[in-house]
Amino acid sequence: MQLKINGRARDVTAGDVAGLLQELGLDASRVAIELNHAIVLQANFAQTPLAAGDSIEIVHFVGGG
Amino acid sequence: MQIMVNERTIEVPAGTTLFALRAQYKPQADLLIVNGFPTPKDQLLADGDRVALIRRGEVPAPEEMEALLMARHTPGVHEKIKGGTVGIAGCGGLGSAVAVALARIGVGRLLLADFDLVEPSNLNRQQFFVDQIGMAKVDALKANLRRINPFVKVATYHGRLDRVNIPQVFGVADLLVEAFDAADQKALLVESWRQNFPDKPLIAASGLAGFGPSNTITTRRVGRNFWLVGDGDSSAGPGQGLMAPRVGVAAHHQANAALRLLLGEEPA
């Protein structure tokens, strides 16, 4: 199905947020997620389903400060 | 007309010039600042002008000190930010530089939190001194800020931040600057803050290691009340260190975003 990820259309196979992060190769402990403009807590990634057309913003943090 | 001289409002006749004002209030002044900008020449003053009369090398009287520290500000800025409270989570390369910048401009209150001690490898980028090695970073930074601007109130929390204490430590802040080192700690702080205070701004940073170009570091809005500074990519790790110039570029992006938010402006 197609999602809008950080403003860009992309086809993915994952059905939930945790699966999407795995598919994108991102560490779930290092991201902040908004799904359709609502914050998704880390604890809920695996229980948050995705639907075609969803808009998801992923901020992926790298170390250094 | 009314003129503000070294932060005192005085009544002067229309047509009063800068040099006439100096002759009356501080004849020995050799640095004259009008509305935030040094002015070597005499000029007519206008109602509402702010004038700082400074004698180079002289330590001002206590009642004049605060006004003279702020004499180069854009007029009106100091009054607005003096009532502001900024939380700074982490007092390393980012947080110590953000704190110094915000203290210099006279943000009213800073809340500093960090668990760590000053150690030698910090000094290539963090705003501490060799003689502070071994001190808690929050204590060393508080001492340094006091030397820069004693009018800024500084509260400290020496300990690790977690989901429970983040709202307690920073609850009174108008906005938060995320200045951690570890990526998972950044994510945890961002989540906790946005969950507890969705209406308060957050300025995080990610991607500022190494010596890549300065101009790849940007400030961008990544969510509601949420801004991200950095290149998004340059992580600290083996082969890529953290150094004062680029960490400082990112820190000052964060500090300027905080200033803009306190002034009611969009950071980006």
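In the predicted model described here, strand 3 of chain B is joined by 2 bridges to strand 4 (residues 37–38) of chain B, and the two run antiparallel. Strands here (E, at least two residues) and helices (H or I, at least four residues) are DSSP runs, numbered from the N terminus, and two strands count as paired if DSSP finds at least two bridges between them. Within this pair, B:Val34 has B:Phe37 in strand 4 of chain B as its bridge partner. The hairpin made by strands 3 and 4 of chain B has 2 residues between the strands, and B:Asn35 takes a positive phi near 50° there.

As for ground rules, residues are numbered from 1 along each chain as its sequence is written, while chains are lettered from A and ligands numbered from 1 in the order in which they are written. Since the model is a predicted one, local features need pLDDT of at least 70 and side-chain atom pairs count only at pLDDT 80 or more, whereas totals for chains, interfaces and linings use all residues.

Zooming out, chain B has 8 helices and 12 strands, and its C-alpha atoms fill a box of roughly 65 × 40 × 35 Å along the principal axes.

Strands of a sheet pair through backbone hydrogen bonds, either parallel or antiparallel. The sheet in question is open, with 5 strands of chain B in the order 2-1-5-3-4 and mixed pairing. Its edges are strand 2 (8–11) and strand 4 of chain B, each of which pairs on one side only. Strand 1 (residues 2–5) of chain B runs antiparallel to strand 2 of chain B, with 4 bridges joining them, and B:Ile3 sits opposite B:Ile10 in strand 2 of chain B. Helix 1 (residues 18–25) of chain B packs on this sheet, touching strands 1, 3 and 5 of chain B, and its direction makes about 55° with that of strand 5 of chain B. Angles run from 0 to 180 degrees between N-to-C directions, with axes fitted as lines to C-alpha atoms, for helices over the stretch in contact. Strand 3 (residues 31–34) of chain B also pairs with strand 5 (residues 50–54) of chain B, in the antiparallel sense over 4 bridges; B:Ile33 stands opposite B:Ala52 in strand 5 of chain B.

Helix 1 of chain B holds B:Ala23. This residue counts as exposed because it has 11 C-beta neighbours inside 10 Å. The scale calls a residue buried if 20 or more other C-beta atoms lie within 10 Å of its own, exposed if 12 or fewer, and partly exposed in between, with C-beta atoms placed from the backbone.

Strand 6 (residues 85–89) and strand 9 (residues 175–178) of chain B pair in the parallel sense over 4 bridges, with B:Ile88 opposite B:Val177 in strand 9 of chain B.

Now for the inside. Of the 268 residues of chain B, 42% count as buried. A nonpolar core is a set of buried Ala, Val, Leu, Ile, Met, Phe, Trp, Tyr and Cys residues joined through C-beta atoms within 7 Å. The largest such core has 76 residues, and those touching the most other members include B:Ile88, B:Leu102 and B:Ala258. Helix 8 (residues 244–262) of chain B gives the most to this core, with 9 residues. A second, separate core of 10 residues includes B:Val5, B:Leu32, B:Met70 and B:Ala71.

Finally, the two chains meet: 15 residues of chain A are in contact with 29 residues of chain B, a contact being two C-beta atoms, placed from the backbone, within 7 Å. Strand 3 of chain A gives the most to the side of chain A that touches chain B, with 3 residues.
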